Amino acid sequence: MNRILSFVKLDYAALKPYIKSIYMFVVIVVFMGLVNDSISLMFTMVMVGLPMILTYPFAISEKNNLDTLYSTLSLDRKDVVVGRYAFVLINEIIAILVLVIVAIIKSNFKPLDMSSEELVLYVCILSMFFSFIVSFQYPILFKLGYSKAKLYTYIPMMIIFFLIGLFPSIVQRLNLNIDLEAVGHMIFTNLVPISLLTFSLGIIFLVLSALISMKIYEKKDI
Amino acid sequence: MTNILELSNLTKKFDSFSLNNVSFSLPKGFIMGFIGHNGAGKTTTIKLILDMLKKDSGSIKVFGKDNLIYKNEVMERIGVVMDSTYFVEEWNLADLEASVSPFYKNWNSKKYNDLLDDFYLDKSKKIKELSRGMKVKLMIAVALSHDADLLILDEPTSGLDAVSRNELMDILSDFITDENKGVLFSTHITTDLERVADFITFINKGEIVYSGTREELLEKYLVIKGGRGVLEPSQRELILGYREHSVGFDGLIEASMLRMMPESVVYEPCNLDDILVRTNMGGNSYE
Amino acid sequence: MNIIISNTEGIPIYEQIKEQIKAAIFSGDLKDGDLLPSIRQLAKDLQISVITTMRAYNDLEQEGFIVSVQGKGSYVKPKNPELIKEKKLLEIEEHLLAAINASKLVKLSQEELIDMLKFLIEEESND
């Protein structure tokens, strides 16, 4: 456990080259959230920015031969993987907290353009979204390294936007007779279980992905 | 534990190269030079010891313990120096300490800072601002700050000037005054090892061709020179790396074969480079 | 005691160390029971390998000049005058035999050889 925590700290320390841009990103996100009429802009920015930030450890690792550093330290290969996923989890939680806190602060000045229940739902969907993206990207990043995996890292985002974009037309084509209004109603009347479900799904994605990454990294020649 | 490092039948196959049945041991209290041409397998062997590469078969024991089963225990006591740094370039030397020290039970902060002073390394400087020689000294400072018992260095001196190389040898000499410590030092610059190495292991094309004391190796061969046409064919065969030129010949000969040579030949002690160049050990043969 | 080694002479380094320590013992620079520098410290000071100094010390111990105590170091062994004389006599014998063999190669006669010896002894005492 100690080693894993030390590794997470190391990952944070390794972000030093990007620290300025990350701070700026956070400042802009918060600023936008407070200033803008709708908080969805803030959500969108985090949606795009966080997955990018979560690939930085791999970029830095590759540029600075950190895989070699990990090998010289008393660190198991699986500690590296678990530590990296812990890093992901911590950053997701921080991102969510920032969003929620900004929303709360803002609601003191202006009524929000969504209810608190909707906020919770969006936050859970967001976390599932991040978890899905990371779960897809990380095993590929562990296997190929940042520069070779970079192209593949765009795939999960594309999948999600595709699905979201095409969802209505798929429903139409297949004549699925899904009453979207009814679905929407069901969701909003069952917010708590749905939120929990989406959040848990995200965790499951991450755990499965971590297991795959562990297998991959265990065998990797550095 | 008498051997600080013990490799047995280590094998690792790649597409275009393979390490075959590499076996050698380093007794504690000594410095071993690990020599061979570029591409002979030195770095591969060292990476296998550090579990950076996964072996196909064979065993690696460090401090008498299997290097994989006891990996964390073993790595705490090993200090590593490579030919290029593996730290975040943006870090300064204090960032570096903060990042790696949590992984070592025996991290000695005072020693790290004293070493940085000794090496004239400014703590506030970023790693990317250091010269190559300073980077090597930095890796040594880190390696020596957690009470490591085994130092493994992979080509640390390539690209360093003579002064820096000499300083490195002094540091290693000082390190080995403790008879419970050991050093494995890979290089293709044999002059570094001429004075300070106790043992030499020669690797060529993925196989060990010699492992023993440096003295024994140097006493085994002699440089031999003579005039043209002085040798019979049977005598010429005994000479390794035979080279004939317009005013004579030269080569290397096993000391035990000297008596088969004519009286007119001149002989003198050889050095590691002679052996590397003239024998198959070096991978090239003049034949 | 000073030990100065030369890298360019043909004599192996461990031999040079042995000779200089023996010389120091004979001249009285090193007295009976004196502690010699540790093998590792000597290697570090002279910038040579540990195995080289180890070999020198092992040989010296075998030849009876020093004695090594586990955990403490190496000391000058008290001199046994008989032993030393015996050793020196053997050495003289060897050198003389070598001279005799060399003289045979150039077909020097016994008288010429003895004359040479007398001449050299006189030269030595005149210096």
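## Two helices side by side in chain A

In this predicted model, α7(A) and α11(A) are roughly parallel to each other (that label covers angles under 35 degrees, with over 145 being roughly antiparallel, 65 to 115 roughly perpendicular and the rest oblique). By class, their contact has 19 nonpolar, eight polar and three charged residues. Here Ala, Val, Leu, Ile, Met, Phe, Trp, Tyr, Cys and Pro count as nonpolar, Asp, Glu, Lys and Arg as charged, and the others, Gly among them, as polar. The helices span residues 116-144 (α7) and 191-219 (α11) of chain A, and they pack at an angle of about 10 degrees with their axes 8 Å apart. Axes are lines fitted to C-alpha atoms, for helices over the stretch in contact, and angles run from 0 to 180 degrees between N-to-C directions. Helices (H or I, at least four residues) and strands (E, at least two) are DSSP runs, numbered from the N terminus.

A few ground rules: residues are numbered from 1 along each chain as its sequence is written, and chains are lettered from A and ligands numbered from 1 in the order in which they are written. Local features need pLDDT of at least 70, side-chain atom pairs count only at pLDDT 80 or more, totals for chains, interfaces and linings use all residues, and side-chain values use heavy atoms, with hydrogens and water left out.

## Who touches whom

Two pairs of chains are in contact (heavy atoms within 4.5 Å), and chains A and B share the most contacts. Chains A and C do not touch; their nearest C-alpha atoms are 27 Å apart.

Leaving out residues up to four places away in sequence, A:L66 touches A:A14, A:I60 and A:S61, plus B:Y86, B:F87 and B:V88. A:A14 sits 52 residues away in sequence, yet 9.1 Å away in space, C-alpha to C-alpha.

## Chain B overall

Chain B has 10 helices and 14 strands. Its C-alpha atoms fill a box of roughly 70 × 40 × 35 Å along the principal axes, and buried residues make up 55% of its 287 residues. Of the contacts in chain B with a separation of 6 or more, 68% are between residues 24 or more positions apart.

## The six-stranded sheet of chain B

An open sheet of six strands runs in the order β6-β7-β8-β3-β9-β10 (chain B), with mixed pairing. β6 (78-81) and β10 (207-213) stand at the edges with a single partner strand each, so one side of each is left without a neighbour in the sheet. Neighbouring strands are turned by 15 degrees against each other on average, direction ignored.

Strands count as paired if DSSP finds at least two bridges between them. Strand β9 (residues 199-204) of chain B runs antiparallel to β10(B), joined by six bridges, and B:I203 stands opposite B:I208 in β10(B). Helix α6 (residues 162-175) of chain B lies across β3 (31-35), β7 (150-154) and β8 (182-187), running at about 155 degrees to β8(B).

## Two hairpins

In chain B, β1 (residues 3-13) and β2 (residues 18-27) run antiparallel, joined by seven bridges. They form a hairpin with four residues between them, and B:K13 stands opposite B:S18 in β2(B).

Over in chain C, β1 (residues 66-69) and β2 (residues 73-76) pair in the antiparallel sense over four bridges. C:V67 stands opposite C:Y75 in β2(C). This hairpin has three residues between the strands, and C:G71 takes a positive phi near 85 degrees.

Conventions. Buried means under 20% relative accessible area, exposed over 50%, partly exposed in between (1.4 Å probe, protein chains only).
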